[in-house]
Amino acid sequence: MGLVTEDETGRLDDQRFAQWLATEAGIALTALRDRQGFADPKALKDAGDRASHELMTAALARWRPADAVLSEEEADARRAWADGERAPRHEADRVWIIDPLDGTREFSEAGRDDWAVHVALWQRSAAPDGALVAGAVGMPARTTVDGDPVVLGTTCPTPKATDGPIRIAVSRSRPPAFVGELVEMLGAQAVPMGSAGVKVCAVVTGEVDAYVHAGGQYEWDSAAPVAVALGAGMHASRIDGSPLRYNRADPRLPDLLVCRPELADRLLDAISRTGVEMPASAVTDEQGEAFG
């Protein structure tokens with residue numbers, strides 16, 4: 001976004017603020033990476049998570065003080081809240097869902113650029129079940145032609161379709177077993193890469209046609225990338241085709257499909273034939289209803 005003054009920051013709308021915050025956190029992470037080096041990967045991962053979380057939560061407290069925050073790095077972020085209990089986000093109309101550093105493994109490895117910063121805003125009053133209303137994914141180790149860090153927002157154009165096999169982004173270190181079966185079934189091409197945000201953004205930019213995952217994620221892993229993908233006209237859902245819902249009592253959101261819209265039916269049908277365990281969507285919805 002270029003340089004933004006303090007006064008201008010206070011006047012940014014939510015989408016531009018999300019992009020500004022992803023940019024600022026990315027700049028700080030890049031500087032930390034350069035300064036600390038890669039000799040101790042665990043120390044670098046921990047320092048990156050902590051520094052980005054502190055920067056982002058401080059900025060949100062200053063510029064969006066009335067809003068709640070769900071961050072991966074909060075102490076109780078992974079807690080599944082039982083009936084009758086409340087966290088501040090359960091009562092809030094607006095909740096920022098952030099992943100201060102998505103892809104810590106890649107962040108800690110020299111030469112890798114497939115790590116990201118996620119910023120999303122969920123608003124209860126935007127839809128009956130709430131909705132994502134802003135989102136940005138920063139990929140700080142990648143730069144534009146002007147040398148600025150790459151940050152994708154919700155106004156990316158829909159990429160043109162390409163000929164050839166379906167290209168499916170997969171984890172480079174631990175792809176779910178069913179994805180290999182899916183690739184074989186469709187005659188598709190697996191494209192390994194790190195960071196959930198980078199994989200979804202690869203769909204948005206046309207580098208791949210789809211990203212499929214099942215087996216363990218949380219709301220902060222997908223909220224910002226999904227907001228960006230929906231803005232670009234992509235399909236985004238659970239792997240059974242049901243909606244992705246955020247600010248639930250249980251923050252686990254373990255599976256998703258993001259793809260070009262014309263491929264959604266074909267991919268959903270193929271996923272259903274792999275034997276992968278489908279989400280208990282009706283149970284999840286009922287348990288989460290009390291909190292939005």
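Start with the whole chain of this predicted model, coloured by secondary structure: 10 helices and 10 strands (DSSP runs, H or I of at least four residues for helices, E of at least two for strands, numbered from the N terminus). The radius of gyration, over C-alpha atoms, is 18 Å, close to the 19 Å that the globule rule (2.2 Å times the number of residues to the power 0.38) gives for 292 residues, so the chain is as compact as a globular protein of that length.

Residues are numbered from 1 along each chain as its sequence is written. Local features need pLDDT of at least 70, side-chain atom pairs count only at pLDDT 80 or more, totals for chains, interfaces and linings use all residues, and side-chain values use heavy atoms, with hydrogens and water left out.

Next, select residues 14-36, helix H2, where 23 residues reach 33 Å from first C-alpha to last; the expected span, 1.5 Å times one less than the number of residues, is also 33 Å. Just after H2, Gly-37 has a positive phi of about 75°.

Now select Asp-102, Arg-174, Ala-196, Gln-217 and Asp-221, which lie nearest the centre of the largest pocket among its 32 lining residues. Strand S8 (210-214) is among the elements giving two or more residues to this lining, and its four residues are the largest share. Colour domain 1 (14-153) and domain 2 (167-273) separately: both give residues to the lining, so the pocket lies between them; the bounds come from an automatic or database domain assignment.

A pocket here is an open set of points on a 1 Å grid over the protein atoms alone, where a 1.4 Å probe fits, with protein on both sides within 12 Å along at least five of seven lines; lining residues have an atom within 4 Å of a point.
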